[in-house]
Amino acid sequence: MNIDGGCYCGQIRYTFEGDIAAQMQCHCRECQYITGGNPNVFVMVPEATFSYVKGEPSGFSRPDLDNPVTRFFCPNCGTPLTYERSEEHTSELQSLAYLVC
């Protein structure tokens, strides 16, 4: 499977090839903050098969949390793109499902 995606304004584009490792929803407090109260829906893809093909995303991590995720987004339009967890599963990049469906 080959899936291409990107942000709303087109400044950032990405691609990945292969199988989706998992489809999930996260209900943690940090995900509820970022979504405005709803669960965060995402897919997990192997980092080795994911690449940005256009543009460079900006990243943000909350400094007040013990194990924050780093969220990556378009610096122009603000579209959320991916995030990386710092504690475990560091070999997997988690990409938001509504951008790669």
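Residues are numbered from 1 along each chain as its sequence is written, and side-chain values use heavy atoms, without hydrogens and water. In this predicted model, local features need pLDDT of at least 70 and side-chain atom pairs count only at pLDDT 80 or more, while totals for chains, interfaces and linings use all residues.

Me: In what order do the 3 strands of the open sheet stand, and which are at the edges?
Reply: Strands are DSSP runs of E of at least two residues, numbered from the N terminus, and two strands pair if DSSP finds at least two bridges between them. The pairing in this sheet is antiparallel, and the order is S1-S2-S5. Each edge strand has a single partner strand, so one side of each is left without a neighbour in the sheet; these are S1 (2-6) and S5 (50-54).

Me: Which residue in S5 is the bridge partner of Tyr-14?
Reply: Strand S2 (residues 13-17) runs antiparallel to S5 and is joined to S5 by 4 bridges. In S5, the partner of Tyr-14 is Tyr-52.

Me: Is Thr-82 buried or exposed, and with which side chain does Thr-82 make a polar contact?
Reply: Thr-82 lies in strand S8 (residues 80-84). Buried means under 20% relative accessible area, exposed over 50% and partly exposed in between, with a 1.4 Å probe and protein chains only. At 3%, Thr-82 counts as buried. Its side chain makes a polar contact (N or O atoms within 3.5 Å, one able to donate a hydrogen and the other to accept it; residues adjacent in sequence count only if both atoms are side-chain atoms) at 2.9 Å with the side chain of Tyr-52.

Me: How many aromatic pairs does a search of the whole structure find?
Reply: Rings of Phe, Tyr and Trp (its six-membered ring) pair if their centres lie within 6.5 Å; planes under 30 degrees apart count as stacked, over 60 as edge-to-face and the rest as tilted. The search finds 3.

Me: Why does the pair of Phe-42 and Tyr-83 tie together parts that are apart in sequence?
Reply: The pair is edge-to-face, 5.6 Å centre to centre with 75° between the planes. Phe-42 lies in strand S4 (residues 40-46) and Tyr-83 in strand S8, so the parts tied together are apart in sequence by 41 residues.

Me: Where is Cys-77, and what is the separation of its C-alpha atom from that of Cys-7?
Reply: Cys-77 is in the loop between strand S7 (70-73) and S8. Cys-77 is partly exposed, with a relative accessible area of 32%. Cys-7 is 70 residues away along the chain, and the C-alpha separation is 7.5 Å.
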